[in-house]
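Consider the chain shown here, starting from its overall build and moving to individual residues.

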Amino acid sequence: MRLGVLDVGSNTVHLLVVDAHPGARPLPAHSHKADLRLAQLLDGSGAIDPAGVDKLVETVQDALEAAEDKGVEALLPFATSAVREARNADDVLARVQAETGVELQVLTGEEEARLTFLAARRWFGWSAGKLLVLDIGGGSLEIAYGMDEEPDAAVSLPLGAGRLTAGWLPTDPADPADVKALRRHVRAQIARTVGEFSRFGAPDHVVATSKTFKQLARIAGAARSTEGLYVQRELKRRALEDWVPRLASMTGEERAELPGVSPGRSGQLLAGALVAEGAMDLFGVETLEVCPWALREGVILRRLDHMPSEQPPPAPHG
C-alpha cells in the first residue's frame, strides 16, 4: 500500500510518501517539504503565536492535498518537540484537526528516540551488534542504545539545533562568549546522561541520523547525496573538532556556501556542531556512520509491523 508520513517538526513539515507492505523495505515515492520553523514562532509565553498557527494549518492542508494527489491510502501524522512543548499545544492540535481533519499524534522525546533506533537497527541489521544512535533535531537531541530493536536506554534532551540557536546565539556571526557558554551548557546536559548508557558497555557501532549530522559529515568530506543512499558516510570526531571553530567564525551566509549546507539550515549549523562534538566527545566516539533512515522511517516500520500480512499462513495438513 502507499503510506504517507506527515512529520511536523521544529524546522520543517515533511510529507514522505512510500510504497510499503509488511516484510518489505519501504520504497520512497514522493517527498514534500515546507520550512515552517515552528520553534521560532513562539511568543514570550512559550505559545505558538496566531500567525504561526495559521501557517501550520495552511502547511498541513498543503501536505494533505499532496498526499491525496499521490494516492496515499493511509496517512501517519505526528508532531515532535515544537508542538509538544508549546504552551498552547492542545489548542493548536484541536485547530489543525478541525480545519484539516488531520489528527496529529504528539510523540514524546523517548518515543522519538525509540522509533529512530528502530529505523537504524533495520537499516544496519543484527550484524551491527550493540548500537548507539544519536539524532539532532530542531528542538531536541535523542540518544538510544541497545542490542535489539527496542533500545535498552533512550533519552531526549532539549538540545536541538534550532532551539539552541534561538536561545543562545543571537548574533551573526556568533559572539565567542556566547559560543563558549553554549558549549558549556551542551556538555553539562549530555554529561548527565552518559552514566545511564555506559553501564551497558561500549557500543559496537555508533550511528547518527538527521540533517545536521548529514551536513556535518558532508563538509568534513563525506560523499554527496547524489551518490546514493548506499554509499557509506562517516563523521570523525577529529574532523568535527577542526570544523567547529571555523563554523563559529562564519556568518550564516558563509556557511551556506559550504558543500551540502542549505541556506535554511546554515544559521543553526554551529549549534548543531557543538551538540555533535559534545556527544561524540563525552561518549568516547571517534567515528560514527550516518544512517539514511530516521524517525519517519521508524514510524513507517512500526506501522508495518502491526499490519496483518497479505498472505495468510498455509493450513496445516492432516
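The paragraphs below take the overall dimensions, then the nonpolar cores, then selected residues.

This is a predicted model, in which local features need pLDDT of at least 70 and side-chain atom pairs count only at pLDDT 80 or more, while totals for chains, interfaces and linings use all residues. Residues are numbered from 1 along each chain as its sequence is written, and side-chain values use heavy atoms, with hydrogens and water left out.

The chain has 12 helices and 11 strands; these are DSSP runs numbered from the N terminus, with helices being H or I of at least four residues and strands E of at least two. Its radius of gyration is 20 Å, close to the 20 Å that the globule rule gives for 318 residues, so the chain is as compact as a globular protein of that length. That radius is taken over C-alpha atoms, and the rule is 2.2 Å times the number of residues to the power 0.38. The C-alpha trace spans about 75 × 45 × 35 Å along its principal axes.

Of the 318 residues, 51% count as buried, meaning under 20% relative accessible area, against over 50% for exposed and in between for partly exposed (1.4 Å probe, protein chains only). The accessible surface comes to about 14,600 Å², with 49% of it belonging to carbon and sulfur atoms; areas come from the Shrake-Rupley method with a 1.4 Å probe, and for residues only the protein chains shown count as cover. Among contacts in the chain with a separation of 6 or more, 69% are between residues 24 or more positions apart, where contact means heavy atoms within 4.5 Å.

A nonpolar core is a set of buried Ala, Val, Leu, Ile, Met, Phe, Trp, Tyr and Cys residues joined through side-chain atoms within 4.5 Å. The largest one has 49 residues, and those with the most contacts inside it are L132, I143, I190, L216, L247 and L288. Helix α11 (residues 269–282) gives the most to this core, with 9 residues. Apart from it lies another core, of 27 residues, among them L15, V53, V57 and L64.

What does L216 touch, not counting residues up to four places away in sequence? Its partners are L235, L240, L247, L269, G272, A273 and A276. Q215 has its place in helix α7 and is buried at 3% relative accessibility. Leaving aside neighbours within four places in sequence, Q215 is in contact with G260, V261, S262, R265 and L269.

S210 is in the loop between β9 (205–209) and α7 (211–219). Its phi is near 100°, a positive value in a residue other than glycine, and S210 is buried, with a relative accessible area of 11%. R37, in the loop between β3 (27–35) and α1 (50–69), also has a positive phi, near 55°. R37 is buried, with a relative accessible area of 15%.

The peptide bond from D172 to P173 is cis, with omega near 5°. P173 is found in the loop between α5 (161–168) and α6 (176–198).

V155 lies in strand β8 (residues 153–157) and counts as buried at 11% relative accessibility. Not counting residues up to four places away in sequence, V155 touches A113, L141, E142, I143, T193, E196 and F197. From V155 to Y145 the separation is 10 residues in sequence and 9.5 Å in space, C-alpha to C-alpha.
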